[in-house]
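Hi everyone, thanks for coming. Please have a look at the sequence and the structure, and then I'll walk you through a few spots in it.

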Amino acid sequence: MQDSVLTLELFEGVRHRPLGDTGFMTKPSTNAEIYVELRAEMIALARSLTAEEADLKVPQSPDWSIRDVVAHVVGIVDDILSDNLAAIGTDEWTAIHVSTRAGKTMNEICDEWSSLAPRFTALGDANPVWPLRAGADLITHYHDINQALGRQGDRDTAAVRMGLERYGPFFCARAANAGLPVVRVEAGQQVWQSGEGEPAAALTGSAFDLLRAFSGRRSAGQILAMNWIGDAEPYVSVASPYGLPTDAVLE
């Protein structure tokens with residue numbers, strides 16, 4: 001399955017620091033502003049690639065090349081602006097992002113993304129949920145692409161923290177829905193808890209490491225080896241909505 005974070009919903013009852021509290025960021029930024037900066041970085045990266053690099057397979061989306069991943073994140077924006085969301089998050093929905101751009105060069109795909117930018121920024125200013133959703137998907141795939149290239153992108157960014165604002169609460173919600181004891185997640189000042197009362201387990205880490213774990217980019221063994229207090233074992237099965245890779249992800 002080619003995952004899309006757009007299917008995730010924030011759940012009432014999951015305690016977390018409100019997104020509007022930007023005290024954890026290096027500077028006050030709206031979701032739209034964070035997305036704009038990340039989009040610019042992704043476009044610059046994509047345009048810098050050779051044709052051979054653009055054709056490299058992405059380990060975390062093995063059916064896709066780097067060009068396909070960029071086509072997907074552009075397709076998300078196009079579909080949001082077109083209100084083509086009936087099948088949001090399904091394999092069929094994401095596959096169309098790639099197939100309809102299969103004949104385009106990387107530069108042409110980036111040109112399309114740039115042409116959509118003003119409308120998406122305006123939408124994000126009006127409704128910050130959309131750049132949050134699209135941005136969580138984008139930052140995940142940004143680091144997937146860097147992994148495919150054998151590179152390391154900046155891991156301490158507002159975009160990473162915004163991505164975790166989607167994935168952290170969703171992990172807690174899965175734990176609660178599975179009937180597991182209360183678990184707490186902490187990444188600096190970003191804090192969530194799956195219910196009321198004293199947690200039975202707590203996971204602490206950097207925003208990057210938690211984002212990668214909760215988005216299916218860490219194996220079960222890697223998740224168990226993270227900084228846990230209490231019994232981590234019950235929570236591994238709900239760590240990611242996409243399943244976990246069998247082998248350790250090294251990046």
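**Rings and a cavity**

Let's start with Tyr 167, which has a relative accessibility of 1% and therefore counts as buried, since the cut-off for that is under 20%. Keep in mind that this is a predicted model.

Now, how many aromatic pairs does a search of the whole structure find? The answer is four. Tyr 167 is in one of them, with Tyr 242: the ring centres are 6.5 Å apart and the planes stand at 80°, so we call this pair edge-to-face. Tyr 167 belongs to helix H7 (residues 158–177), while Tyr 242 sits in the segment after helix H10 (233–236), so the pair ties together parts that lie 75 residues apart in sequence. And Tyr 242 itself? Its relative accessibility is 23%, so Tyr 242 is partly exposed.

Another of the pairs is Trp 228 with Tyr 235, and this one is stacked, with 5.9 Å from centre to centre and 20° between the planes. Both Trp 228 and Tyr 235 are buried.

One more ring to find on your screens: Trp 130 has Arg 133 lying over its face, 5.2 Å from the ring centre.

Last stop, the cavity. The count gives one cavity of 30 Å³ or more, and the largest cavity has a volume of about 40 Å³. Its lining includes His 143, Phe 208 and Glu 251. Which helix gives the most to that lining? It is helix H6 (residues 129–149), with three residues. By type, the lining has five polar residues, three charged and one nonpolar.

Notes
Residues are numbered from 1 along each chain as its sequence is written. This is a predicted model: local features need pLDDT of at least 70, side-chain atom pairs count only at pLDDT 80 or more; totals for chains, interfaces and linings use all residues. Side-chain values use heavy atoms; hydrogens and water are left out. On a 1 Å grid over the protein atoms alone, a cavity is a set of points where a 1.4 Å probe fits but cannot get out, and a pocket is an open set with protein on both sides within 12 Å along at least five of seven lines; lining residues have an atom within 4 Å of a point. Grid points are joined across faces, edges and corners, and a volume is the space filled by probe spheres set on the points. Helices (H or I, at least four residues) and strands (E, at least two) are DSSP runs, numbered from the N terminus. Ala, Val, Leu, Ile, Met, Phe, Trp, Tyr, Cys and Pro count as nonpolar, Asp, Glu, Lys and Arg as charged, and the others, Gly among them, as polar. Rings of Phe, Tyr and Trp (its six-membered ring) pair if their centres lie within 6.5 Å; planes under 30 degrees apart count as stacked, over 60 as edge-to-face and the rest as tilted. Buried means under 20% relative accessible area, exposed over 50%, partly exposed in between (1.4 Å probe, protein chains only). A charge sits over a ring if NZ of Lys or CZ of Arg is within 6 Å of the ring centre and within 35 degrees of the ring normal.
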